[in-house]
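Subject: Structure for your files

Hello,

Here is the structure I said I would pass on.

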Amino acid sequence: MRTISVLYTGQLAALAGCSEEDVAVDEGAALGRVVEELSGRHGDGFRDLICDGEGKLLGTVLVAFDGRQMQGERDGLSLDGVKEVMLMTPIAGG
Amino acid sequence: MLSDEDKAIYEWQLDVAGLGEAGQEKLRGTTALVSRIGGLGGPVCFALAAAGIGKLVIAHAGNLTPADLNRQILMRYEDLDASRVESAKKTLAAFNPGIEVEAVPENIGEENVADLVGRADIVFGCAPMFEERLLIDRECMRQGKPLIDSAMYHLEGRVLPIVPGKTACLACLYPEVPSHWKRRFPVIGAVSAMVGNIGALEGIKLITGVGEVNLGKMIYVDAATMTMRKISVERREGCEVCEGDDF
């Protein structure tokens, strides 16, 4: 088991009560598993903001691994070798 | 060719390495469309006007309200209940009479997007709703116009420089209108101004060639901690807006 940093932006940071936290992950852990754990930790509002009714990441939530945006089906992406995960909810304030 | 007055006004800017008279001429020869001139778009206009952009087309419907005044720095208290774009035009004219300002008292929608984008060389997206932003994105991709999309929320913001055919477009990142985004958002004027100025500078760099435009990057800034990050973003395969278009 090792620790990764998870960064939150926008409304997500408000719901998590922080903009960054450390999360312990097992070898071979997938992003979806971590999102599930974080949703359990931070509550339904957090889950509703980033997941659909089946618990999968919404397409409008940007995910970056170590500063690089991840595309396509993100839930199954392995976190092996990843140090930092950024979860960005969409913002459009003008 | 720059006039003596131009040289006097932009003297300190002309000293910026890589800009010079050639860059100043490029700015003067550029028309920029700014969609909404509120907390973000106002500072964008101010920065472009200060830099000597040739023409600003500013699009924003409605009249000035008290709740606009904490961030909409082109507006004036004396113009409460009057047209936002007319108030902004007066401010810009007083600040730099050497630039042309066209005030459009409309928000961008299906009915005017092609015409307004068609009048500009570069577009700055600063609208408060994704519907408008994505519409502008679609039209900029269709017409091959660069778009600087800036957005903020609370104490943070992001800027995405978009060049058709070269970078991800806004629809690559947001394939649909995000359902959770609401019209009202928490904002301190200094934060929206900071984000707007980053967006304006990316546009100025794109126009003049000075510095390095962050193509393929989303610039993210957290004013709570004053942290800036850059996230690499790529075109989305199958994007219905930019994928497969002949740019």
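This is a predicted model: local features need pLDDT of at least 70, side-chain atom pairs count only at pLDDT 80 or more; totals for chains, interfaces and linings use all residues.

Chain contact

Chain B puts 34 residues into the contact, and chain A puts in 20 residues. On the side of chain B that touches chain A, at least two residues come from each of helix 7 (130-143), strand 5 (147-153), strand 6 (156-162), strand 7 (217-222) and strand 8 (227-232) of chain B. Strand 8 of chain B has the largest share, with four residues. By residue type, the side of chain B that touches chain A holds 19 nonpolar, 10 charged and five polar residues.

Strand 1 of chain B

Strand 1 of chain B runs over residues 31-35, and four of its five residues are buried, so this strand is largely enclosed by the rest of the structure. Strand 1 of chain B pairs with two strands that I would like to point out. With strand 2 (residues 55-59) of chain B, the pairing is parallel and has five bridges. In that pair, Val34(B) lies opposite Ile58(B) of strand 2.

Most residues other than glycine have a negative phi.

- Asp81(B) is not a glycine, yet its phi is positive, at about 75 degrees. Asp81(B) sits in the loop between strand 2 and helix 5 (84-95) of chain B. Asp81(B) counts as exposed because it has 8 C-beta neighbours inside 10 Å, the cut-off for exposed being 12 or fewer.
- Met226(B), also a residue other than glycine, has a positive phi near 55 degrees. Met226(B) belongs to the loop between strand 7 and strand 8 of chain B. With 9 other C-beta atoms within 10 Å, Met226(B) is exposed. The two strands that flank this loop, strand 7 and strand 8 of chain B, are among the elements that each supply at least two residues to the side of chain B that touches chain A.

Regards

Conventions. Residues are numbered from 1 along each chain as its sequence is written. Chains are lettered from A and ligands numbered from 1 in the order in which they are written. Two residues are in contact if their C-beta atoms, placed from the backbone, lie within 7 Å. Ala, Val, Leu, Ile, Met, Phe, Trp, Tyr, Cys and Pro count as nonpolar, Asp, Glu, Lys and Arg as charged, and the others, Gly among them, as polar. A residue is buried if 20 or more other C-beta atoms lie within 10 Å of its own, exposed if 12 or fewer, and partly exposed in between; C-beta atoms are placed from the backbone. Two strands pair if DSSP finds at least two bridges between them.
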